[in-house]
Amino acid sequence: MLTPSPQDLRVALARYADARIEDARRSTAATSRAVEDAAYTLCVMTGTQAVPQALHVADTMLGMRTTVSPVLRQPGGAPRGDSLQTA
């Protein structure tokens, strides 16, 4: 499997999110097809067979994980319990 560029992966994720939002707003045959197309593309790009897996793999590929702002660190470098998630 070829690894997609971070930019291409972000575009695919945004396309999928936009299609889902539009389909939820006003479902038509065209919006349903857009969701299917975006989901298929995302699965192919991540080498998965289901959207939940594809989203997880995409997050992993992009290095999305919980990060703690230096401001929120306790003395000694340990994160406090109220960490923020960033994309």
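Start with proline 4, which sits in the segment before H1. Leaving out its neighbours within four places in sequence, proline 4 is in contact with Leu9, Met45 and Met61 (contact means heavy atoms within 4.5 Å). Proline 4 has a relative accessible area of 16%, so it counts as buried. Buried means under 20% relative accessible area, exposed means over 50%, and partly exposed is in between, with a 1.4 Å probe and protein chains only.

A quick word on what you're looking at. This is a predicted model, where local features need pLDDT of at least 70, side-chain atom pairs count only at pLDDT 80 or more, and totals for chains, interfaces and linings use all residues. Residues are numbered from 1 along each chain as its sequence is written, and side-chain values use heavy atoms, with hydrogens and water left out.

Now step back to the whole protein. It has 3 helices and 0 strands, and reading along the sequence gives the pattern α-α-α. Helices (H or I, at least four residues) and strands (E, at least two) are DSSP runs, numbered from the N terminus. Of the 87 residues in the protein, 25% are buried. If you take the contacts with a separation of 6 or more, 39% of them are between residues 24 or more positions apart.

What holds the middle of the picture? Look at the largest nonpolar core, which has 15 residues. A nonpolar core is a set of buried Ala, Val, Leu, Ile, Met, Phe, Trp, Tyr and Cys residues joined through side-chain atoms within 4.5 Å. Leu9, Leu13, Tyr16, Leu42 and Val51 touch the most other members. Helix H1 (6-25), helix H2 (29-46) and helix H3 (51-61) each give two or more residues to this core, and H2 supplies the largest share, with 6 residues. For a closer look, pick leucine 13: apart from neighbours within four places in sequence, leucine 13 is in contact with Leu42, Leu55, Ala58 and Leu62.

Next, see how the helices pack in pairs. Two packed helices are described by the angle between their axes and the distance between the axes. The axes are lines fitted to C-alpha atoms, for helices over the stretch in contact, and the angles run from 0 to 180 degrees between N-to-C directions.

Take H1 and H2 to begin with. Their axes come within 8 Å and cross at roughly 155 degrees, so H1 and H2 are roughly antiparallel to each other. The cut-offs are these: under 35 degrees is roughly parallel, over 145 is roughly antiparallel, 65 to 115 is roughly perpendicular, and the rest is oblique. The crossing of H1 and H2 is left-handed, meaning the near helix is turned anticlockwise from the far one by less than a right angle, while clockwise would be right-handed. On the H1 side, the residues that make the contact include Asp8, Leu9, Ala12, Leu13 and Tyr16, and on the H2 side they include Thr31, Ala34, Val35, Ala38 and Leu42. Sorted by class, the residues in this contact are 11 nonpolar, 4 polar and 6 charged. Aspartate 23 lies in helix H1 and, not counting residues up to four places away in sequence, touches Thr28, Thr31, Ser32 and Val35. Alanine 34 is found in helix H2, and its 31% relative accessibility makes alanine 34 partly exposed.

Now for H3. H1 and H3 pack at an angle of about 145 degrees, with their axes 11 Å apart. Leu9, Leu13 and Tyr16 of H1 make the contact with Val51, Leu55, Ala58 and Met61 of H3, which comes to 7 nonpolar, no polar and no charged residues.

Finally, H2 and H3 pack at about 55 degrees with their axes 9 Å apart, which makes H2 oblique to H3. Their contact has 10 nonpolar, 1 polar and no charged residues.

How values were computed: Ala, Val, Leu, Ile, Met, Phe, Trp, Tyr, Cys and Pro count as nonpolar, Asp, Glu, Lys and Arg as charged, and the others, Gly among them, as polar.
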